[in-house]
Amino acid sequence: MPQRSHQNGGGAKVTIVGMTGDEAVAYAVKQSRVDVVAAYPITPQTIMVERFSRYVADGEVQTEYVCVESEHSAMSACVGASLTGARVFTATSSQGLALMHEMLYIASGLRCPIVMGVANRALSAPINIHGDHSDMMASRDCGWVQIYVENAQEAYDWTILAFKIAEDRDVQLPVSVNLDGFILSHSMEGVDVLEDMTVNQFLQARKPLFTLDPDKPITVGALCMPDYYFEFKRQQVEAMRNVSRVLDTVNKEYGRITGRNYGVLETFGMEDAEAAILCLGSTAGTARNVAHKLREHGKKVGVIKLWLYRPFPAEDVIAASKHLKALAVLDRAVSFGAPYGALCSDVVSALHTLQERPQVFNIVYGLGGRDIEPSDIEFVLEEALKTAETGVVKEPVTFLGVRE
Amino acid sequence: MGAVLLEPGSSLKYKTGDWRAFKPIVDEQKCVNCLLCWIYCPDSAIVRKEKWIEVNYDYCKGCGICAKECPKEAIKMVEEQK
């Protein structure tokens, strides 16, 4: 892989390596000194575990690599491994995530800080291997922290950050790092890679609160009747509430080392914007470019990109968007029968308590990997500007770029 | 957290009788200590005593089998109060 070294903004020595999003995740997992990986290949995630299995075969890592017969077994093995106190990683996409579904709840319910790379892909039927957010959006209530990244650099950084957030004493929850299938998973970019030593210092060994140990037996996954179940779910709610605070602390520390500052969301042009787009993942890059161009023509537009989708950072979304006149929320998944896509529903419910709030409308786009082009974004921002001017939402939900 | 049980053998501490809707009440005058209820109880919640039987309400689910089987009608099922 082509590479060159330099000092980054935070002072740590970094090497620029050409990597796809999937490879960036695999490299971050390697540096995170993961004890166990149990995974099953599925496009477009395959490169993550394929590349990692090479690290194992070449003796570059001391990881126990469990080859399983399905994603359901992959997540089951991960839960078991995590309960022994191990640092655990897996990866999946689409149908694989759907097959894991019941085990996702076991992982969060048993408070396993597993990190999972998800190369987001459309769900069948009809079968499609390309990128949209249907897979993870269908699992949004499963108690996992959900991060969406914009490029290969973020895929690398957030994978390392994910372990630290997941394993924090006040969180102890699984985290998924979501990257757009193919657009990020298979596109090669220059990634600033830290030295192993730097990652080691940042990401200390996991300190589990309890472990499965034959010499000191404990019981996990026991029956829990109506008299206690509710309390455990309430604890999970509390752990989710702690995520924002922990994420801020962890990101500040990472920012000091790397000079790259992450948070729950990122804004562009929001200081004076009257109309804006809110979206997840790689689309934010296109949106920012278009917004930049429109701003040069004096149009007051902005972009809000969420890094954190679960727990939904309602307060931060309110703070970023309350002064807007119009907000277009971009969903790359359909919530069949719901008034809006999942992301827009969350934004609307976050804003509904405000007396003065922006007019919100929903754009559903890019299903099954359909491209979203700068002209599409320009159309959305122009619509948002019109809505800002008139104060009236013309169309609550628009399916962008579809033949209908 | 995570519904983890940190010590073995703790199921004894888990009193499972709390969802009972009807409670068996033993009439000590009528009980002849035949122990049919003790045999029939599916949850081993009948406690043998010298002259009559008692019910372990920590585990009795209130199924009513004891009352049904008692030849002396010494056990009555009474609705639980909140």
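Reader: How do the axes of α9 and α12 of chain A cross, and within what distance do they come?

Author: This is a predicted model, where local features need pLDDT of at least 70, side-chain atom pairs count only at pLDDT 80 or more, and totals for chains, interfaces and linings use all residues. Residues are numbered from 1 along each chain as written, with chains lettered from A and ligands numbered from 1 in the order written. Helices here are DSSP runs of H or I with at least four residues, strands are E runs of at least two, and both are numbered from the N terminus; axes are lines fitted to C-alpha atoms, for helices over the stretch in contact, with angles from 0 to 180 degrees between N-to-C directions. For α9 (283-296) and α12 (374-390) of chain A, the axes cross at roughly 60 degrees and come within 9 Å.

Reader: Which word describes how α9(A) and α12(A) lie to each other?

Author: Under 35 degrees counts as roughly parallel, over 145 as roughly antiparallel, 65 to 115 as roughly perpendicular, and the rest as oblique. With a crossing of roughly 60 degrees, α9(A) and α12(A) are therefore oblique.

Reader: Which residues of α12(A) meet α9(A)?

Author: Contact means C-beta atoms, placed from the backbone, within 7 Å. From α9(A) come A:Thr286, A:Ala287, A:Asn289, A:Val290, A:Ala291 and A:Leu294. Their partners in α12(A) are A:Pro374, A:Ile377, A:Glu378 and A:Leu381.

Reader: How far apart are the centres of domain 1 and domain 2 of chain A?

Author: An automatic or database assignment sets the domain bounds, giving domain 1 (3-258) and domain 2 (267-399) in chain A. Taken over C-alpha atoms, their centres are separated by 28 Å.

Conventions. Two residues are in contact if their C-beta atoms, placed from the backbone, lie within 7 Å.
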